[in-house]
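Reader: I am new to reading structures. Could you take me through one part of this one, slowly and closely?

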Amino acid sequence: MNLQEAINNLRAPQGVTTMIGALLSGDSKPVHHSKGEKVPLKIAEAKLADLIEKQNNCGSDWAWWGYNGEIVYWKALVCILKAAKITGNDNLPDIDTPKYNANSAVMDLQGQVEGYGKRILLAAQRKEHVKELEKVLQCNCDLDRWEPKRSTGHSHVCRIHKRAMEWKPNEDT
Ligand SMILES: [Zn+2]
């Protein structure tokens, strides 16, 4: 998957009540829809920080949820851009794309968007960690029944695969 494909899978989900609240109040700032924007990581991080600040200072539920739709979008975008720094723009891990369902609750949609970005970043970090493990561990893949996993490039019996799947990145990376 390349960077643009990953970004195209992102949405900034907003709820109907958010839209109505915005219309009634005449303030539609928090319901701007972001979609498919490819920006430098620094800009995405600044945009995210700005939205979180606005959400912290907003005065109504509808505005809070409006900002939250944007925030999960930018959070996911930051994760994807970080992942692309690790893997290169054209070599992002293939992750199942979110199944957006119009009947889903706004909270579920927002969780899907955020989770999609997190999973891409984790998969990219894990692939990078496999390179480190390969330097110190002997691969014991079953070469007669060679079925490498997408996540690590090693088969499920291999110690490198097992160690890589147990591994978790630091929260602050
Ligand atoms: Zn192996």
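Reader: Is Leu137 buried, exposed or partly exposed, and why?

Author: Leu137 counts as partly exposed because it has 16 C-beta neighbours inside 10 Å. A residue is buried if 20 or more other C-beta atoms lie within 10 Å of its own, exposed if 12 or fewer, and partly exposed in between, with C-beta atoms placed from the backbone. This is a predicted model: local features need pLDDT of at least 70, side-chain atom pairs count only at pLDDT 80 or more, and totals for chains, interfaces and linings use all residues. Residues are numbered from 1 along each chain as its sequence is written.

Now the surroundings. Leu137 sits in the loop that links α5 (106-136) and α6 (159-166). Helices are DSSP runs (H or I, at least four residues), numbered from the N terminus. Beyond neighbours within four places in sequence, Leu137 contacts Arg159, Ile160 and Arg163. Contact means that the C-beta atoms, placed from the backbone, lie within 7 Å. Lys149 is twelve residues from Leu137 in sequence, and their C-alpha atoms are 17 Å apart.

Next, the cores. A nonpolar core is a set of buried Ala, Val, Leu, Ile, Met, Phe, Trp, Tyr and Cys residues joined through C-beta atoms within 7 Å. The largest has 31 residues, and Ile120 is among those with the most contacts inside it. α3 (41-56), α4 (61-87) and α5 each supply at least two residues of this core. Its largest share, 15 residues, comes from α4.

How values were computed. Two residues are in contact if their C-beta atoms, placed from the backbone, lie within 7 Å.
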